[in-house]
Amino acid sequence: EAKHHCRGTFRFYSQALQDRLDHELEIERQLREALRHEQLKVHFQPQFDMTRQRICGAEALVRWFHPELGQIEPAQFIPVAEKTGLIIALGRWVLEHACRVARLWYDRGLLDLRIAVNVSPVQLRCEDFIADVTRILDETGLPADLLELELTEHVFLESTKTHGHRLGELVHRGVHLTIDDFGTGFSSLRYLRDLPVQRLKIDRCFVSADDGPGLADPAIAKSIIALAHNVGLEVLAEGVESEEQLAFLTSHGCNLVQGFFMARPREQSDLLMFTAQFNGQATPN
Ligand code: C2E
Ligand code: MG
Ligand code: MG
Ligand code: MG
């Protein structure tokens with residue numbers, strides 16, 4: 001009986017695993033095609049400096065437009081890309097594209113608009129990562145100060161000293177580092193000391209709530225703002241979806257905000273217009 005049960009269970013899991021594997025292999029195959037056939041795009045979401053009432057940056061978010069399946073969410077393909085190593089090529093493509101676009105903004109007179117690019121722990125582990133970033137900055141001519149890398153806490157499951165040292169090279173050049181999704185990952189605070197980061201991003205789950213316009217978790221949000229300021233870092237709240245959330249964050253000294261309430265991710269030309277208008281510059285053609 002027990003034996004049968006176990007075998008049944010094993011078969012069940014094994015089948016589920018097989019399905020997932022098939023699915024992931026399929027996603028991987030399609031994603032390779034996507035990279036080759038220009039099905040990937042990058043959208044940009046404005047980041048607002050609350051003190052200066054200006055858009056001071058934009059986050060680059062990859063988009064996959066599949067010819068048959070339509071738009072596929074990053075949540076569906078980024079994890080697969082990480083597992084298969086495809087994230088190295090994909091991430092490099094996003095970084096290169098984002099830096100080229102940011103250089104264009106700079107040339108159009110948006111001189112302080114920084115581009116924030118998500119970096120997977122898998123990319124960071126790769127030997128070539130630092131050299132890739134350096135090369136891309138050189139080739140695009142983007143001032144290093146206008147590039148920000150968003151790292152998640154998962155990066156710091158590994159040696160913070162090693163990463164700190166390598167990332168230090170980029171920071172020395174002027175690149176900014178941010179901890180993304182702060183509060184959801186590996187919650188050791190040691191890396192705040194060991195790594196040359198400038199900013200924390202409060203994860204969306206503490207900000208936008210399913211059940212109303214208030215802040216999802218005001219106590220945690222306030223604590224993260226205080227923690228950031230106490231250790232000399234800036235803090236950005238992501239996922240701001242209501243006026244009430246915005247007001248709460250502003251009144252508690254949150255430096256920067258990003259979210260659907262202010263602006264959704266958009267194409268680069270839209271971002272350029274939107275920012276020029278918001279910041280009160282002449283609209284670039
Ligand atoms: P993330 O880096 O935390 O990016 C923020 C996500 O929240 C984006 O989802 C953005 O569209 C969404 N968002 C922004 N404001 C709001 C809001 O007010 N409400 C709600 N509900 N959502 C909001 P997206 O574009 O689907 O990306 C999801 C995740 O996929 C990102 O989370 C990031 O971890 C990953 N990702 C996206 N692009 C890249 C990339 O180029 N490279 C890597 N490694 N990861 C990426
Ligand atoms: Mg991010
Ligand atoms: Mg985030
Ligand atoms: Mg997040």
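Predicted model: local features only at pLDDT ≥ 70, side-chain atom pairs only at ≥ 80, totals over all residues.
## Shell of ligand 1

Residues are numbered from 1 along each chain as its sequence is written, chains are lettered from A and ligands numbered from 1 in the order in which they are written, and side-chain values use heavy atoms, with hydrogens and water left out.

## Polar contacts and cover

Polar contacts are pairs of N or O atoms within 3.5 Å. The side chain of Gln-45 places a polar atom 3.1 Å from a nitrogen atom of ligand 1. Oxygen atoms of ligand 1 are approached by side-chain N or O atoms of Glu-59, at 3.0 Å, and of Asp-181, at 3.1 Å. On its own, ligand 1 has 800 Å² of accessible area, and the protein covers 85% of it; such areas come from the Shrake-Rupley method with a 1.4 Å probe.

Donors are N, O and S atoms within 2.8 Å of the metal (3.2 Å for Na, K and Ca); water is not among the atoms, so sites may look incomplete. Asp-180 in strand S6 (residues 176-182) and Glu-238 in strand S8 (residues 234-238) are 58 residues apart, and the pair links distant parts of the chain. Strands are DSSP runs (E, at least two residues), numbered from the N terminus.

Asp-180 is buried at 6% relative accessibility, and Glu-238 is likewise buried at 11%. Buried means under 20% relative accessible area, exposed over 50%, and partly exposed in between (1.4 Å probe, protein chains only). Asp-181, at 24%, is partly exposed.

## Bridged magnesium ions

Asp-180 bridges the magnesium ions numbered ligand 3 and ligand 2, which lie 3.6 Å apart. Asp-181 bridges ligand 4 and ligand 3, magnesium ions that lie 2.9 Å apart. The protein donors of ligand 4 are Asp-181 (OD) and Glu-238 (OE), at 2.2 to 2.3 Å. Because Asp-181 lies in strand S6 and Glu-238 in strand S8, this pair ties together parts that are 57 residues apart in sequence.

Note on methods: Helix = DSSP H or I, 4+ residues; strand = E, 2+ residues; numbered from the N terminus. Polar contact = N/O pair within 3.5 Å; in protein donor to acceptor, adjacent residues only side chain to side chain.
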